[in-house]
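I opened this entry to record what I looked up in the model. The notes follow the order in which I worked.

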Amino acid sequence: MEEGKGPVKHVLLAKFKDDVTEEKIDELIKGYANLVNLIEPMKAFQWGKDVSIENLHQGFTHIFESSFESKEAVAEYVHHPSHVEFANMFLGSLDKVLVIDYKPTSV
């Protein structure tokens, strides 16, 4: 398989700043989820909160996962004006962030 072909998952781990309210977090999550309606290459979106009992989260509390058909589609998403506008607002509410893009592989 060519390196750029095939599905790609875009994962963002987030720790919101202490002064960001739950209402603001809910608003930001709805805005993030709405990107799938605004940016064609973004095929799906899921999110969740940490529920692990292992206490290895390093302060990250939320995970956001978006699905794309290729690395090129992720690049198109990253540079899309709707994403840029949202990211500028979203990132300002975060204390910590980690982003990983990966190609799912079955064993």
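I took helices (H or I, at least four residues) and strands (E, at least two) as DSSP runs, numbered from the N terminus. The model is predicted, so I noted that local features need pLDDT of at least 70, that side-chain atom pairs count only at pLDDT 80 or more, and that totals for chains, interfaces and linings use all residues. Residues are numbered from 1 along each chain as its sequence is written, and side-chain values use heavy atoms, with hydrogens and water left out.

**Loop between strands 2 and 3**

I looked up Asn55 and found it in the loop between strand 2 (44–49) and strand 3 (62–68). Gln58 lies in the loop between strand 2 and strand 3 as well. I recorded a positive phi of about 55 degrees for Asn55, although Asn55 is not a glycine. Gln58, not a glycine either, has a positive phi of about 55 degrees. For context, most residues other than glycine have a negative phi. I then checked accessibility, where buried means under 20% relative accessible area, exposed over 50%, and partly exposed in between (1.4 Å probe, protein chains only). Asn55 is exposed at 59%, and Gln58 is exposed at 62%.

**Phe45**

Is Phe45 buried or exposed? Phe45 is placed in strand 2 and counts as buried, at 17% relative accessibility. I listed its contacts (heavy atoms within 4.5 Å). Leaving aside residues up to four places away in sequence, Phe45 touches Ile29, Tyr32, Ala33, Phe64, Glu65 and Ser66.

**Helix 1 and helix 3**

I fitted axes as lines to C-alpha atoms, for helices over the stretch in contact, with angles from 0 to 180 degrees between N-to-C directions. The axes of helix 1 (residues 22–38) and helix 3 (residues 81–91) come within 10 Å and cross at roughly 165 degrees. Helix 1 is therefore roughly antiparallel to helix 3 (angles over 145 degrees count as roughly antiparallel). On the helix 1 side, the contact is made by Lys24, Leu28, Gly31, Tyr32, Leu35 and Leu38. Helix 3 contributes Ser82, His83, Phe86, Met89 and Phe90.

**Record**

For residues 8–102, I found that UniProt lists "domain: Stress-response A/B barrel" in an unreviewed entry. UniProt positions are given in the numbering used here, feature names are shortened, and annotations may be inferred rather than shown by experiment. In the model, the end C-alpha atoms of residues 8–102 lie 6 Å apart, and the span is 39% helix and 33% strand.

How values were computed. Parallel < 35°, antiparallel > 145°, perpendicular 65-115°, else oblique.
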